[in-house]
Amino acid sequence: MTGSNIGGVSGVSLAALLRSVSKHVMMKLPSFIGYFAAALLSTVVAHAASDFKTEIYPLIETHCLKCHSATHEVNGKVLKPKGGIRLDAAWAMLKGNDDVVPVKPKDVENSDLLRVVTLPRDDDKAMPPENKGDPLTAAEIATLKKWIAEGADFGGWEGNLEGKPAAATVAAKVPVKERERELFYAKLAEGLRPPVAELLAKAQAGGARVAPVSPDSPLLRVDFLTGVSQCNDQAVAALAPLADHIAHLDLARTNITDAALKDVARMRRLTRLDLRSVKITDTGIVQLAALENLTFLNLYGIPVTDEAVTALGKMKSLRNICLAETMITEAGKNKLQAALPLAQIVFNPDLTVPAGKGAAKKAGN
Ligand code: HEC
């Protein structure tokens, strides 16, 4: 790894996520936390990728295509796609119309296909419409959600190309960010050999979940989601042999202290760090300054103060920072924004939480 700072690139793929977080900043605290958790989960958790043809298409075919296919004739009757929405082609799902876009890869919140299948049954827009078809089961919805969260890979399926606009429009819409992201990680991984299996096994034995950031990448994502309370400073120290490989680290709600951040600071390829609701302080944050590829930092619910702002402001690679529910003041936030003009900062002193609820949530954590 050279000292070059290439952190800016991956921020792009997260920008949309954070924009949508700010849009929803007024929603209830628990769903806000859930949103962040879901966003992180979708990139951090290791699982088998969805297969469009065997898992997704059959659901759409069974529940939706009767009403959402290209204009066609049945028994002399001309049937148009209902609501102007076609779900019979990949391009059509990605494009939608002015108001509705069925599938936005990785953007579960704004994918209308998911919205309509989760609406209350008596809602006009609930799909399939009430009395016109059985609602999707929770498992089916989860399957669709997972597929979109992972990036809505159609696995080469194109569907009905009739009506598809000139290639450039659709092509430009989706993969650019994806390509930038791939390039960024390829560059980050340059010269890095895959981690030794024995070391992976060791880290896993210590309670960490470890997986490549993408198939074939030597870079790793690590979380402790199967036992956050068991994750402490020792568990983070035990990751040292993998320090060069770790690009994403989720320590949310673990029992680490400032001491662990000394070890985190040695993970030179770290791009995403989630420290949500851990008991670290300004002292710990200062140590993170060494992470020159860090683009995403979640400090949600941490008692850091304006003291940390100077240190954070020096981390020029940061593009997405969550400061919600910290002790950083509006002035501190503004100072940070001035130091990092390219960063999107989630800061919501107005977040309205009924006192009882907030307390319960914190106790529950
Ligand atoms: C029996 C016919 C029928 C079936 C089956 C059906 N839809 Fe629809 N769909 C409609 C109609 C009618 C509208 C237009 C509703 C409106 O504009 O109020 C619509 C509109 C929509 C919209 C646009 C909603 C909006 O906010 O304007 C989406 C997205 C959608 N359907 C998705 C689906 C999905 C996904 C399925 C399968 C799970 C499905 N539909 C199954 C008839 C159907």
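How many bridges join strand E8 to E9? Three do, and the two strands run parallel.

## About the model

This is a predicted model, in which local features need pLDDT of at least 70, side-chain atom pairs count only at pLDDT 80 or more, and totals for chains, interfaces and linings use all residues. Numbering starts from 1 along each chain as its sequence is written.

## Overall picture

The protein holds 15 helices and nine strands; these are DSSP runs numbered from the N terminus, with helices (H or I) of at least four residues and strands (E) of at least two. Of its 365 residues, 36% count as buried, a term for 20 or more other C-beta atoms, placed from the backbone, within 10 Å of a residue's own.

## The open sheet

Let's turn to the sheet. Seven strands line up as E3-E4-E5-E6-E7-E8-E9 in an open sheet with mixed pairing, where two strands pair if DSSP finds at least two bridges between them. Strand E3 (209-212) and strand E9 (344-346) stand at the edges with a single partner strand each, so one side of each lacks a neighbour in the sheet.

Strand E8 covers residues 320-322, and its Cys322 has Val346 in E9 as bridge partner.

## Around the ligand

Now for the ligand. The shell around it has 23 residues, and Cys64, Cys67, Lys82, Gly83 and Met127 come nearest; a residue is near if its C-beta atom, placed from the backbone, lies within 6 Å. Helix H5 (residues 112-118) gives the most to this shell, with four residues.

Notes
A residue is buried if 20 or more other C-beta atoms lie within 10 Å of its own, exposed if 12 or fewer, and partly exposed in between; C-beta atoms are placed from the backbone.
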